[in-house]
Amino acid sequence: MKETEGFKEAHERMHPGRITAQGFLGTDARPLPDIVARDEAEFRRLGLAFETVAAELRRLRDEGRRGLGEPISVGGAVVTVGDARGLLPCPWDDGAFHKDSVTVERDGTRVVYSDLSIHMLEKHHFCQGEGSAFRLDPGALKRVVG
Ligand SMILES: [Zn+2]
């Protein structure tokens, strides 16, 4: 895959201390198009669709808000929605998203995400780098929302 200008700028903004203290790449040193291509292949292999997973993550977030910050059970999963204030810009510079952190646990697998995570997954097919605390690993997504 060819590294476009948009990807280059987005990749720069993903480093620690630019948009968030931790950044979005974790310990992942691969070029951004490679990270995206690998996760797209994993989604295909697992039979997941980005739009469907994003919709399910939104549904769990909305259901989880009923817990008012406490963990609640949502159809076999335990969902906790934090109330962090403020907005984060997307590294692709196409919008800003609430920081609310959502934790979903099912059968020992946990994913943690924000509205920005859902947006990047849906629009950019970016699950974040290996080692990122907010990485939406395709295998974990399959177990939690698949
Ligand atoms: Zn974006």
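The protein has a radius of gyration of 15 Å, which agrees with the value near 15 Å that a compact globule of 146 residues would have. The radius is taken over C-alpha atoms, and the globule rule is 2.2 Å times the number of residues to the power 0.38. Along its principal axes, the C-alpha trace spans about 45 × 35 × 25 Å. The model is a predicted one, in which local features need pLDDT of at least 70 and side-chain atom pairs count only at pLDDT 80 or more, while totals for chains, interfaces and linings use all residues. Residues are numbered from 1 along each chain as its sequence is written.

The protein contains five helices and six strands. These are DSSP runs, numbered from the N terminus: helices are H or I with at least four residues, and strands are E with at least two. From the N terminus on, the order of elements is α-α-α-β-β-β-β-β-β-α-α.

Four of the strands form an open sheet with the order β1-β2-β5-β6 and antiparallel pairing. Its edge strands, β1 (72-74) and β6 (109-113), each pair on one side only. From one strand to the next the twist averages 25 degrees. Helix α3 (residues 50-64) packs on this sheet and touches β1, β2, β5 and β6, with its direction at about 70 degrees to that of β2. Here axes are lines fitted to C-alpha atoms, for helices over the stretch in contact, and angles run from 0 to 180 degrees between N-to-C directions. Contact is counted if the C-beta atoms of two residues, placed from the backbone, lie within 7 Å.

Inside the sheet, β2 (residues 77-81) and β5 (residues 102-106) are joined in the antiparallel sense over four bridges; two strands pair if DSSP finds at least two bridges between them. Val-81 has Val-102 of β5 as its bridge partner. Strands β5 and β6 are also antiparallel, over five bridges, and Arg-106 has Thr-109 of β6 as its bridge partner. The hairpin of β5 and β6 has two residues between the strands, and Asp-107 takes a positive phi near 50 degrees there.

The next topic is the interior. A residue is buried if 20 or more other C-beta atoms lie within 10 Å of its own, exposed if 12 or fewer, and partly exposed in between, with C-beta atoms placed from the backbone. By this count, buried residues make up 28% of the 146 residues. A nonpolar core is a set of buried Ala, Val, Leu, Ile, Met, Phe, Trp, Tyr and Cys residues joined through C-beta atoms within 7 Å. The largest such core has 22 residues, and those with the most contacts inside it are Leu-57, Val-104, Tyr-113 and Leu-121. Two or more residues come from each of α3, β2, β5, β6, α4 (115-124) and α5 (138-144). Leaving aside neighbours within four places in sequence, Tyr-113 is in contact with Leu-57, Val-102, Ile-118, Phe-134 and Leu-136. A second, separate core of seven residues includes Ala-10, Phe-24, Leu-25 and Ile-35.

In helix α4, the buried residues are Asp-115, Leu-116, Ser-117, Ile-118, Met-120 and Leu-121. They pack against α3, β3 (87-89), β4 (96-98) and β6. His-125, which follows α4, has a positive phi near 55 degrees.

Helix α2 (residues 32-46) holds Pro-33. Pro-33 counts as partly exposed because it has 15 C-beta neighbours inside 10 Å.
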